[in-house]
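The sequence and coordinates are shown first.

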Amino acid sequence: MKVINGVTFYPAAYEGKTEAEFIEHESHNLSKDELKKAFAILSPKKKDIPMKKVPVDTGEA
Amino acid sequence: MAYSLCGTSVDNLGQQECDKAKGVLNRIAIDNGVVGEADYATPALFHAELTEKSKLSKSATEKLFILPEVQEISDASEANKEGSLNLGFKATLMEGKPGYKFKFFGGADLLKRCKTFDNQTVRIREYDANGVWWGTKVGTDSKGYQAKLFFTGGKVATGQNVEEGVIECTVSILSTTEYFTNSYWVETTSAENVGDITPLLDVQLTYISKASNVYKVGMYINGSNQTGPYNIFDEAGSAIAALTFTAGTGTNYGTSLAITSVAVDNSLKCLTVTFDSTAFTALAGGTAIKLIPPTPATLDAADVTETELLYVILTK
């Protein structure tokens, strides 16, 4: 549970939900912008980790 | 040579220095639960246990209810039953049951709450002016004395005496064995403040309105004010909204209904409780939903003290 802008959000609000679903469900509590920011805190996007180039030993001299 | 059976049923009559005797009554606590051996091992542990019990919900088996400080006390014990023979012999046949009346200050609402205990058989612990708790022992457990209580008050003051806001409690002890023969004490030190043991106020969660899965729920002390109950929102709304509520439906409300958010409504001065719309939609119309608030102990930890929130049954 997290309290954001005076609203206590329970896991059921954001777990397994898209941002659009979250905003629609909680639109009576906060503005769209506030809910977008809230969702970013409650369900942060996983950052893509860039692949490191690892040299491959082909056995060539 | 005298043959005697006295030794099989009597005790020696020496006494320890500084043995305790009951002092002037300071207050009583209604406690139908127990304090186990581990919890009366030291005065600090005993005090902590009573403090914790005072913060339980009123429906808890181990709940302790403490009354305000005594302002006046008088003995109301039944006289011993005596018998005599016509050549002058007189003896006490049976001990009268102990009892007393005491007065404390309280308003109209407290009187109403006290009278919910009228003529109930309860157990009471006595706390005297020397800082000593008195009760009885059952096995290894510390318990209060069995008693019936009766509360009076609420009469107009006549101006002849201190009467305004005075509630009188009559205590009738059920068992002379518990009270006299099997009485045990736990002393407290200056580190244990009896003021830590507090009574709670009932704050009723109340349905205000709903829009689909979004409910407006108020928090009121019903009291005795004809104009309306007391709304605790301004003092405690934000703190309470940040704590955990749960909800259930079905038999014994054992089927969980997910809550997605709880917020404060500063206009209506109430809480906005939102249920998961998918789960809510799946419920049949008219389904009863029990909204369960945080416990008194949880409220106390969040600095919402001396408060018990009572659940509300909502309807879809």
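**Basis of the description**

The model is predicted, and local features require pLDDT of at least 70, side-chain atom pairs count only at pLDDT 80 or more, and totals for chains, interfaces and linings use all residues. Residues are numbered from 1 along each chain as its sequence is written, chains are lettered from A and ligands numbered from 1 in the order in which they are written, and side-chain values use heavy atoms, with hydrogens and water left out.

**Salt bridges**

Over all chains, the search finds 17 salt bridges. A salt bridge is defined as a side-chain nitrogen of Lys or Arg within 4 Å of a carboxyl oxygen of Asp or Glu.

| Salt bridge | N to O distance |
|---|---|
| B:Arg27 and B:Glu69 | 3.2 Å |
| B:Arg125 and B:Asp31 | 2.8 Å |
| B:Asp202 and B:Arg113 | 3.3 Å |
| B:Asp276 and A:Lys17 | 3.5 Å |

Helices (H or I, at least four residues) and strands (E, at least two) are DSSP runs, numbered from the N terminus. The salt bridge between B:Arg27 and B:Glu69 ties together parts that are 42 residues apart in sequence, because B:Arg27 lies in strand E1 (residues 25-31) of chain B and B:Glu69 in the loop between strand E2 (64-66) and strand E3 (72-75) of chain B. For accessibility, buried means under 20% relative accessible area, exposed over 50%, and partly exposed in between (1.4 Å probe, protein chains only). By this rule B:Arg27 is buried at 13% relative accessibility, whereas B:Glu69 is partly exposed at 37%.

The partners B:Arg125 and B:Asp31 form a salt bridge across 94 residues of sequence, since B:Arg125 lies in strand E7 (residues 121-128) of chain B and B:Asp31 in strand E1 of chain B. B:Arg125 is buried, with a relative accessible area of 1%, and B:Asp31 is buried at 0%. A network of salt bridges links B:Asp31, B:Lys53, B:Glu62 and B:Arg125.

The salt bridge of B:Asp202 with B:Arg113 links distant parts of the chain, with B:Asp202 in strand E13 (residues 201-211) of chain B and B:Arg113 in helix H2 (residues 108-114) of chain B, 89 residues apart. B:Arg113 is partly exposed, at 22% relative accessibility.

**Helix H4 of chain B**

Which residues of helix H4 of chain B are buried? In this helix (residues 233-241), they are B:Phe233, B:Ala236, B:Gly237, B:Ile240 and B:Ala241. They cover an arc of only 130° around the axis (taken from the directions from the helix axis to the C-beta atoms), and therefore lie on the same side of H4(B). An α-helix has 3.6 residues a turn, so residues three or four places apart point the same way. The face of H4(B) turned away from the buried side carries the exposed residues B:Glu235 and B:Ser238.

**Two individual residues**

B:His47 is found in helix H1 (residues 43-54) of chain B and is buried, with a relative accessible area of 9%. Contact means heavy atoms within 4.5 Å. Leaving aside neighbours within four places in sequence, B:His47 is in contact with B:Glu192, B:Asn193, B:Val194, B:Asp196 and B:Ile197.

B:Leu174 lies in the loop between strand E11 (166-173) and helix H3 (176-181) of chain B and is partly exposed at 32% relative accessibility. Not counting residues up to four places away in sequence, B:Leu174 touches B:Lys97, B:Thr121, B:Gln146, B:Ala147 and B:Lys148.

**The contact between chain B and chain A**

The contact takes 19 residues from chain B and 14 residues from chain A. The two chains bury about 1,100 Å² between them, 54% of it on carbon and sulfur atoms; buried area is the accessible area (1.4 Å probe) that two parts lose on being put together, summed over both. One salt bridge is found across this interface, and B:Asp276 forms a salt bridge with A:Lys17. On the side of chain B that touches chain A, the elements giving two or more residues are strand E18 (259-265) and strand E19 (270-275) of chain B. E18(B) gives the most, with six residues.

**Chain A**

Chain A has three helices and two strands, running β-β-α-α-α from the N terminus on. Of its 61 residues, 28% count as buried.
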